Amino acid sequence: MLLLEREIDRFFVDHQSQLLSHHPGLSAHTLKRELLWFYNLQGFNFDRKNIFDRLLAGEPLAYIVGYRFFYDAFFKVNSNTLIPRPETEIMVAHLLERFGKVASLSFADIGTGSGALGLSIAMNLQKCQAHLSDICPKALNVAKENYFRLGQHFTHEQEIQFHLSDRLDFEAGTFDFIVTNPPYIKALADRDQVHEQVLQNEPALALFLPDHEYSQWFTQLFSQVANKLKPSGYFLMEGHEAHLDELVTLMGSLDKFKDIRVIPDLTGRSRFIEGIKNG
Ligand SMILES: C[S@@+](CC[C@H](N)C(=O)[O-])C[C@H]1O[C@@H](n2cnc3c(N)ncnc32)[C@H](O)[C@@H]1O
């Protein structure tokens, strides 16, 4: 193990500038921690040359090791799923603070991807019916696999259903809350702000919406949310800093929600929208 640690250090020092330009936020410490963990998982199958080559080519570490830690657990990820981001964990914490002590709840996670968001919430509620949807069958399969892999975190009181669906276009009654981290980057207007590594590796379906369909896409989402929330039900969504105000106005114009507001992330940047369905 010591030999491997030294090799990883050496690799990082020798290729520091290339690694840092490809992998925003990567440190020698993170690389060592993730690769030693992966080594423990793989044993003799650990192919250091292949891993180092893929890192130098810019492939995200999470896709190479196949997992990303999110909130309470390791979630399997692959090129069909977004790599769950730390800021999304804020939504889990926020919802658990609000609903963690409620005896029984029904909720939906739209665009579940790896399932990291919906499954992390469900495993921390006492009793729930969780409905996880995605329009991408391959992503939904990863969410299902994560549910079965993480079986030890769930009891029979936490029921999970998966829906291959466009947003909320599935039958499951009404919900106490709905959460989503949808695709929210405008494909043309925002493209320059997206890191090359994300553009090259993460699924476009998870990231982008066509600029000319943006408002219409969210109008339909908010209308579905209004139809599927119980009276006084709660909605929480992650979004793009530059477009949240426009989406708050759009949501307000439907006349179905109250207390709509933008919530910042831990760095103070506008990041989420919350709203309550009219009672
Ligand atoms: C930003 S990713 C979020 C993934 C995961 N919830 C997370 O936070 O890491 C958006 C997800 O929405 C899915 N998606 C895109 N368009 C959708 C649609 N119309 N209906 C349902 N899911 C959609 C994508 O396949 C992707 O998995």
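So, the lining of the second largest pocket: by class it has 11 nonpolar, 5 polar and 7 charged residues. Here Ala, Val, Leu, Ile, Met, Phe, Trp, Tyr, Cys and Pro count as nonpolar, Asp, Glu, Lys and Arg as charged, and the others, Gly among them, as polar. Bear in mind that this is a predicted model, where local features need pLDDT of at least 70 and side-chain atom pairs 80 or more, while totals for chains, interfaces and linings use all residues. Numbering runs from 1 along each chain as its sequence is written, and side-chain values use heavy atoms, with hydrogens and water left out.

A pocket, on a 1 Å grid over the protein atoms alone, is an open set of points where a 1.4 Å probe fits, with protein on both sides within 12 Å along at least five of seven lines; lining residues have an atom within 4 Å of a point. Of the 23 lining residues, Pro-24, Arg-68, Ile-83, Arg-85 and Pro-86 lie nearest the centre. Domain 1 (2-65) and domain 2 (86-277) each give at least three residues to this lining, with bounds from an automatic or database domain assignment.

What joins it to E6? 5 bridges, running parallel, and pairing takes at least two DSSP bridges. Leu-236 in E9 stands opposite Val-179, and also opposite Glu-274 in E11.

Conventions:
Helices (H or I, at least four residues) and strands (E, at least two) are DSSP runs, numbered from the N terminus.
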